[in-house]
Amino acid sequence: MKNIAYDQVHITGGFWKAKQEMLLVTSRSVYERFAETYRFEAVNVKGWLARLMAEEARPANRPRTPHIFWDSDVAKWIEGTAYLIKIARAWDLSPDQKNELQALEQICDETIDTICENADENGYFNSHFQIMEALGEARRFTDRSQHELYCAGHLIEAALAYQNATGKDKLLRQMIRYADYIDRVFHIENSAVFETPGHPELELALVKLARFTGEEKYLALAKLFIDRHGDSSKDIPPYDVFNNRYNQDEMPLRKRTTADGHSVRAMYLLSGMIDVATHYQDASLMDACRRLYDNVVDHRMYITGGIGSTHLGEAFTIDYHLPSRTAYAETCAAIALAQVCGRMIGASPSVPLLSSYADTLERTMYNGILSGISLDGTGFFYENPLTIDLRFNDPNVSTKDKEYYPETTRRKVFSCSCCPPNVLRFYASLGDYLYSVDEDTLYIHQYMASETSLPSLKICQKTDYPLSGRISLTIRREDPAIRRIALRLPGWCERFELNLPYEQKNGYLYIGLPDSPSMPDETVIELDLDMPIRFISADPRVHDALGKVAVSRGPLIYALEGKDQPEIDIHRFLIDPSAGAGLGPVLPGFLLPSIEAEGVLPLPYMDRMEKVDDPGEDRDTKLYRSYDPGAFKKVRVRLIPYYAFANRGSSDLTVWIRVK
């Protein structure tokens, strides 16, 4: 199955057009925060080193040497901005927007010039290691834990994206030299201290580079890394506090059955595995890919599409361990899972429940990734919890060490700021995930207003999805080779209407196109997906969700936030699914409607909570007492789309709501 690339898909309106246009603000904001924190200054290795040697006084917040992953932050910003430049050419831009795009491109050009000027004679570029080598404090390719090859992978991806967007190949030519150097050191000579990337990313980047250049050696190097991973005596755990499961090192990848360790690393590695397995038609490797995917989505994924249950190692834990309040659910991990889904769709056109991959991608796209960026495009979350209880977020009043809870206020930049540019590059290239084709079938994986024009096929999709489930598709064929259209039937949809005969298979609705005596011909498809409000329960082995439900509509997960009901404790609220729920107003900036639902509060406890702080009150304030179900007070609450939480300041939050 061949993917229709993002630059051939023009998102024309609705929810995602608004989100993509916001990325102009995001790109500028991320750049400014990275410039303020010296990331862009660091790529000028010679300048940084000259100031260091001259013993110039430096600002207190500027480190002595660049951080090990700063190059990847800059690279992801270039890549995301490149995608933005490409898609914005189809927009009706104001003069100010045109000027801003030109300014962003100029920043990219200047940064690329600096990178290329500071690369060494081998093509090697790494701001941290080049400065450390000059100081005699470290050597390249000796420490697997230092993100060296990870940064190289992101630079390669940035180079490919920028060449595609602008036609400028200066960075790409430089990165080809760098890739050749890596191939020599790790493949031909095998002279490095370690044998595989400590933080996977280079593997998938090499596959992209091979597809662009036609050079088989880059694919061979990616395959070598995959084959060696977990089967190398030279690769030791990257940090003393972790064992070899942290980086998926305890067994060869073809033997894996569970997704373990650092969740972003695991998913980037899985993406590389899928790419290699697909190219080489490696059945055993693809079987491992399917096992790992199934383990994640069936046992280790939050209802929001977030993955990674603990801040310790930013890692997966064990099946069904999905704590809500301490959920890590890193934004980058959800993005990495979405990338896995996109690859699995292309690799598996005939497997049962093919739609599972697109369903999971949609879940992450609307929830676990989108929650990572603020409604104005400038604030971010690194972690995405499902419960926030502000009253107990800092209970350790007598100790300097504190219990861990995720942040509750969005930030514009982090010390480890991988997520902001990752969100930028994911949503700027969102068109990658809508359509694909095989020998005779066009697949519609995601629903959003869009237009696509290929030499033999034109697609016009009109919809306000996910506001409603009404979708109108006009398919114009220039060539009779496409004989079927396959529409994904989302896993959440139980009823639908379709205006043409269909066959339901693998989660898709297959429509046969008529044999046409002449081309072009045109087919109009009307699909209406029923989109009621649903109450969802979790597997009882997810103990944090026992006796609770989550509220959803279409692909969206909803949440209770204290801002909307300040007079009650949302953690004591009991929802009444039998009372149903209805759509509420669209709050400012939210784009999609809220939901209003009914439930109850236990009256005795509510009354005590209101007056317990008054020492003059003669009330029963015992900490423990005989059980008394007491009386209940009916209340009506408002739920907001999960992606919108913490956009009005810190607040209590819960996705899983107790049931009456």
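This is a predicted model: local features need pLDDT of at least 70, side-chain atom pairs count only at pLDDT 80 or more; totals for chains, interfaces and linings use all residues.
Strand E7, spanning residues 457-463, and strand E8, spanning residues 470-477, are paired in the antiparallel sense over seven bridges. Within this pairing, Ile-459 has Ile-475 of E8 as its bridge partner.

The E7-E8 pair belongs to an open sheet of six strands, in which the order is E2-E6-E7-E8-E13-E10 and the pairing is antiparallel. The edges of this sheet are taken by strand E2 (9-11) and strand E10 (496-498), each of which has a single partner strand, so that one side of each is left without a neighbour in the sheet. From one strand to the next, the twist averages 15 degrees. In general, the strands of a sheet pair through backbone hydrogen bonds, in either a parallel or an antiparallel manner.

The lining of the largest cavity is formed by Gln-248, Arg-256, Thr-258, Ala-259, Asp-260, Ala-266, Met-267, Leu-269, Leu-270, Met-273 and Leu-292. Helix H11 (residues 263-280) supplies the largest share of this lining, with five residues. When the lining residues of the largest cavity are sorted by class, seven are nonpolar, two are polar and two are charged; Arg-256 and Asp-260, both in the lining, count as charged.

Notes
Residues are numbered from 1 along each chain as its sequence is written. Side-chain values use heavy atoms; hydrogens and water are left out. Two strands pair if DSSP finds at least two bridges between them. Helices (H or I, at least four residues) and strands (E, at least two) are DSSP runs, numbered from the N terminus. Axes are lines fitted to C-alpha atoms, for helices over the stretch in contact, and angles run from 0 to 180 degrees between N-to-C directions. On a 1 Å grid over the protein atoms alone, a cavity is a set of points where a 1.4 Å probe fits but cannot get out, and a pocket is an open set with protein on both sides within 12 Å along at least five of seven lines; lining residues have an atom within 4 Å of a point.
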